[in-house]
Amino acid sequence: MTNFNSFEKKYFSLLKNRYPGRHEALAQVLLLESTLELPKPTEHFLSDLHGEYIAFTHVLRNASGVLRRYIDELFPEKSEEDKNLLATILYYPDKKLADLKEKMDEDRYCRLLKETLADLIVVAKRVATKYDHEQIESTLPPSRKKILNLLLLEDSASRHKKSYVASLYDNMIALGEAECYIKDLADLSVRYVVETVHIIGDIYDRGEDAEKIMDQLAGDDRVDIQWGNHDIAWIGAAAGNFALAANVIRIALRYNVLSTIEDGYGINLLPLFRYAEHYTAKEPFFTKSPGPDDHVNESIAKLHKAMAILQFKAEGQLIRRHPAYDMNNMLHLENLDLQNNTVTVEGKEYSLLDGDFPTVDPRDPYAFTKEESEVAERIRQSFLTSEKLQSHIRTMIEKGRMYKIQNGNLLFHGCIPMKEDGHFESVKLLGAPLEGRALLDAMDEKVRRAFYERTEDDVDFLFYLWCGKHSPLFGKERITTFERYFIAEDETHVERKNPYYPLREKEEVADRILKAFGIDDVRGKIINGHTPVKKRKGENPIKARGKVVVIDGGFAHAYRKTTGTAGYTLISNSYGILLATHEPIRHEDTYIRENIDMTSSLEFITEYDTRRLVRDTDEGARAMDQIADLKTLADSYGD
């Protein structure tokens, strides 16, 4: 190694510790070389989950219909009813088996267990074909690893092993172990049917169970996250930005879904409840989804309005601290004329739907009263001290970033800020004019500093990312929350989108963006979320002649009247890229009881001329670099 520089010597010294001889190094070369010839692993893309845990977990477990396609492929002789039953056991083994055990007599249930064990072995073997068996084996539960290995590696159809395997099934059932092995096989299939899960933003808000989604993602090593604007709002709230904490509480009140705030994260809203009870507003805000209890609704409505006013004040304070943000078009409290019940927006006077602002002082409209200051600080501290929230946001930071490049695809939630002429917008907020990839990289770094270092400037900047006009996560000229609450005229509610959105229909613009991010693969795509695809109005999620795919299709109930679907997801495998369109999900118990699947269609939007292998992927490129290094190491040992 005399010709190596000092860095290379250190690197090869570490490599030598791992592969201490020529034969060890070349054995690893053999393994890596053979791995390059495996089919490209499957990737799963989901977006805009918005707290819809039941829909998310179903789509995750059925891999957007891939597992059901395997069942159709492997068991053509089965009836649709039997295929649906097997699929339901695969997705929900514990609950479905418990349901069947209750309904069936013992002999019939035992026959079902034996048949299911045999079928799930076939499914698991099909899933495992894309992986080295050592990788599969490493995730098997230690107490049952030996038996599961036997089942996965033995050929039950062989006349020499047929009785052996059948006896194994019979004894599992007799000893009461069959359900455990069925669950193991189901979990293995679900885990390995896709290698990577990409969440393209907006896990939080609107739905009830975002914290349950984060629990699931935190324990899943397949997952990466591209932050959305709603995720950034929660990152900001967890970092101590009160304007964003107020925002996420207001959204929860607006949709009448406080479970994540109160039950999920233990955020103490008692100070807000007490404040709102003494709040003298005559016109409370009602929610978008009122419940059956009128008294509760009125209480929530009072909280809603009180929280909105606190938010508008906090935003005003932050915007005044940062004139460079150029967000003065959100400063509405200073333009109120409460004597005439009007407000001036963009130079035009409008009547207020509600002119009751008892805590707004016209001389200093964004100042908190003493009581408001106390409420705001207690809420802020509650976000800062919620252990579960801090853990989940740390997961969001560690698994996430502003964008991701993988296997020739560019993933980001919202947009790349652009001008009308199709060139990138230069943004001067981060010390120097930045655009395109450099802008997103700088913003990514600022998000991480905000969470880990908590400096005021960085934490404040998260508010800009939530709703600033050059934020890639927001992608609009301004946010019109105040106008939607207080002004009837629709013209004030318009949130003009960044030019990126109409421009992404053009293939040449998509190519320019991909090139700017270093992607020259002709099969490369931009994959976005953020803007619900209005299928009901004829909008197509596939744009720019297939170069752009938008997969926000309506996981959130609030969007389904607009979209006409319950979400889009993507599957990228060795044969191409498939778009899944989902039906609205019912309650989980209905799926389990009636053996209903969620995916309504799964169709190729790109089919490759030749099947892609691991060698055609980013992981393959890394493996080839490692092979070259190992061959160099082997040569250094001599013969």
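A salt bridge here is a side-chain nitrogen of Lys or Arg within 4 Å of a carboxyl oxygen of Asp or Glu. With that in hand, take Arg449 and Glu445: they form a salt bridge whose closest N and O atoms are 3.3 Å apart. Before going on, note that this is a predicted model, in which local features need pLDDT of at least 70 and side-chain atom pairs count only at pLDDT 80 or more, while totals for chains, interfaces and linings use all residues. Residues are numbered from 1 along each chain as its sequence is written, and side-chain values use heavy atoms, with hydrogens and water left out.

Back to Arg449 and Glu445. They sit four residues apart in helix α20 (residues 436-453), so about one helical turn separates them; helices (H or I, at least four residues) and strands (E, at least two) are DSSP runs, numbered from the N terminus. Arg449 is partly exposed at 27% relative accessibility, and Glu445 is partly exposed too, at 49%. The scale runs like this: buried means under 20% relative accessible area, exposed means over 50%, and partly exposed is in between (1.4 Å probe, protein chains only).

What does Lys446 pair with in a salt bridge? Its partner is Asp457, at 2.8 Å from N to O. Asp457 lies in helix α21 and Lys446 in helix α20, so this pair ties together parts that are 11 residues apart in sequence. Asp457 is partly exposed at 42%, but Lys446 is buried, with a relative accessible area of 7%. Salt bridges with shared partners then join Glu445, Lys446, Arg449, Asp457 and Asp458 into one network.

Lys446 has a second contact to look at: its charged end sits over the ring of Phe461, 5.5 Å from the centre. That label needs NZ of Lys or CZ of Arg within 6 Å of the ring centre and within 35 degrees of the ring normal.

The structure holds 19 aromatic pairs, counted when rings of Phe, Tyr and Trp (its six-membered ring) have centres within 6.5 Å; planes under 30 degrees apart are stacked, over 60 edge-to-face, and the rest tilted. One of them is Phe312 with Phe482, edge-to-face at 5.4 Å centre to centre and 65° between the planes. This pair links distant parts of the chain, with Phe312 in helix α17 (residues 294-321) and Phe482 in helix α22 (residues 481-486), 170 residues apart.

Phe461 itself pairs edge-to-face with Tyr325, 6.3 Å centre to centre and 70° between the planes. Tyr325 lies in the loop between α17 and β4 (336-337) and Phe461 in helix α21 (residues 456-467), so parts 136 residues apart in sequence are tied together. Tyr325 and Phe461 are both buried.

Over the face of Phe357 lies Lys305, 5.9 Å from the ring centre.

For one last stop, go to helix α11 (residues 178-192), where Lys183 and Asp187 lie four residues apart, about one turn of the helix. They form a salt bridge with closest N and O atoms 2.7 Å apart, one of 48 in the structure. Lys183 is partly exposed at 29%, and Asp187 is partly exposed at 26%.
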